[in-house]
Amino acid sequence: MLTPPGASPVVRVLDLEKFYGSNHVLRGISLEVYPRETICLIGRSGSGKSTLLRCINFLEEPTVGTIEVDGLTVAADPLHARNARHREQIRQIRLRAQMVFQEFNLFPHLKVIDNLIEAPIRVKGVPRSQAIATAEKYLAKVGLSEKRDEYPGRLSGGQKQRVAIARALTMEPKVLLFDEPTSALDPTLVGEVLKVMEELAHEGSTMIVVTHEMAFAREAADRVYFIDEGVFVEAAPHAELLDHPRDQRTRDFLARTMRA
Amino acid sequence: MVAPLAARGPLGLGPGPEAIVRAVAASRRSARLRFRLVFLATWIVLVGGIVLLIGSTGRVDLDFLNTWTPLILGGIPITIAVSVTAIVFATMFAILGALGRLSRVAPIYAAATLYVSLVRGTPLIVQVFFVFSALPEFGIVLPAFIAGTFALSFNYGAYMTEIFRAGIQAIPRGQIEAAASLGMTERHTMRRIILPQAIRIVIPAIGNEFIAMIKDSALVSFVGLHELFWFARTVGTSHFQAFSTLTLAALVYWALTIFFSLFQERLEKRMAASDVRL
């Protein structure tokens, strides 16, 4: 979790704004994420936290601002979003910033192992045997080696999400983006996924996590950012924001969340 | 007052809960069996009645049928060959058409939409005759099998285009987002993620189209292809026994559709059992 001194940020978001029609969802976000850091983004639904995450890997097109991942910079260019050069740069960013989705999004017609090796082989050109070895390593890491040849339809929610994490890891990205990874899970299955994420955080993976699970933030976050109405209200290291919020809006949010 | 069944244990005092479950299942099974038997009996009565009606017309010459039925039934392989070939090519037209209808490239979208509109907007029989009678005016004389199969597949392809388009659009957006996030190009995503799932979704609809195709294959008799209907019509009209031969042909088509429908039902059940749902 300790960042090497003098390291440059893995992810840099500069003055990001996003409009959906006339809805000003992100109103000027700037963020730097350094190697080995785990960042948690918390906030109400509609505050823009998922939109921010999805702008980093361009699942949403930013309206204004710049995204930089692993030294690759792409500026918001909503007017030319379909241009081939723009698309290729975005693809390169996506290879380095793998996302784990709330709804898992595993490919149901492929076995677990095939879910993991499809992109490494056909997108990155990794030789098949090497891709399989890497996939099996990460499948073991999330504790699902025995499910290698199963179809996703036969897995529980927690297992699917762990496979999804393994799929992201097999691409060996520079940063992992987690979009509310446990929100669609039955409460009894949340723990197994958080355990995997905590391990990754402690081992030094660079992670940006949008979550409602405050216990995870407390346990694994290097910094917690509170976002409200499209801007960062405050940020603090580790659990400071959770324990000693300085802004009233943060206090209100935490009080409501704890009550639930 | 007798204690409720569930309260009596399995120690010889009466049936326990497992016995109740078994009894209920058995009674459901026998109810289903009764239903099927009555269904079968009703069909036997109704079909028997129709057969008697047909027999009573006096227009059915059994010797005649004895002689000519084998020849007429000899058309069945061609009927099936045409239907199978046509559905395969129709599927290919349909996939291209669906991709065209989903295209963001204006000329491709326009061409695909024209295909669907034009072919669905004109009668199949007109299209079959077009291939048979109109093309030769330009020196294009196709062998009967190719002409008939092409007309059928081109026509069905237009209808199945919309089926495939709906199937592709039924794939959840999350699949596309996951593929994009993994760095897959749109073409890669369509080929490896979307189409394989879409085809699985549309298989029941294609099965229905195939069954309809078996009946529409009768139209290719008009391009001179010697299939079931051609034999039935030719033999029947030349011997003034059209009633017999056409009734026979109708029964054969009916039998074919029933057969393939049952086959499709079984296939759908098997697919549902091993359904890969998320």
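**Strands, helices and a contact**

Tutor: To get going, A:Val11 stands opposite A:Val69 in strand 4 of chain A. Strands here are DSSP E runs of at least two residues and helices are H or I runs of at least four, numbered from the N terminus. Keep in mind that this is a predicted model, where local features need pLDDT of at least 70, side-chain atom pairs count only at pLDDT 80 or more, and totals for chains, interfaces and linings use all residues. Residues are numbered from 1 along each chain as its sequence is written, with chains lettered from A and ligands numbered from 1 in the order in which they are written.

Student: How many bridges join strand 1 of chain A to strand 4 of chain A?
Tutor: Two strands count as paired if DSSP finds at least two bridges between them. Strand 1 and strand 4 (residues 64-69) of chain A run antiparallel, and the number of bridges joining them is five.

Student: What is the phi of A:Asp15?
Tutor: Most residues other than glycine have a negative phi. A:Asp15 sits in strand 1 of chain A. With 13 other C-beta atoms within 10 Å, A:Asp15 is partly exposed; the scale calls a residue buried at 20 or more such atoms, exposed at 12 or fewer and partly exposed in between, with C-beta atoms placed from the backbone. A:Asp15 isn't a glycine, yet its phi is positive, near 50°.

Student: Which helices of chain A do the buried residues of helix 4 of chain A pack against?
Tutor: Helix 4 (residues 128-141) of chain A has 14 residues and reaches 20 Å from first C-alpha to last, close to the 20 Å expected at 1.5 Å a residue (1.5 Å times one less than the number of residues). Its buried residues are A:Ala131, A:Ala135, A:Tyr138 and A:Leu139, and they fall within an arc of 105° seen down the axis, so they line one face of the helix (the arc is that of the directions from the helix axis to the C-beta atoms). On the other side, A:Ser129, A:Gln130 and A:Ala133 are exposed. The buried residues pack against helix 3 (112-122) and helix 5 (157-170) of chain A.

Student: How do the residues of the side of chain B that touches chain A divide?
Tutor: The contact takes 19 residues from chain B and 23 residues from chain A, where contact means C-beta atoms, placed from the backbone, within 7 Å. Helix 7 (173-181) and helix 8 (186-216) of chain B each supply at least two residues of the chain B side. With Ala, Val, Leu, Ile, Met, Phe, Trp, Tyr, Cys and Pro counted as nonpolar, Asp, Glu, Lys and Arg as charged, and the others, Gly among them, as polar, the chain B side divides into eight nonpolar, six polar and five charged.

Student: Which residue takes a positive phi just after helix 7 of chain B?
Tutor: The buried residues of helix 7 of chain B are B:Gln175, B:Ala178, B:Ala179 and B:Ser181, and they line one face of the helix because they fall within an arc of 165° seen down its axis. What covers them includes helix 2 (84-96) and strand 6 (97-100) of chain A together with helix 8 of chain B. Just after helix 7 of chain B, a positive phi of about 95° is taken by B:Gly183.

Key:
Two residues are in contact if their C-beta atoms, placed from the backbone, lie within 7 Å.
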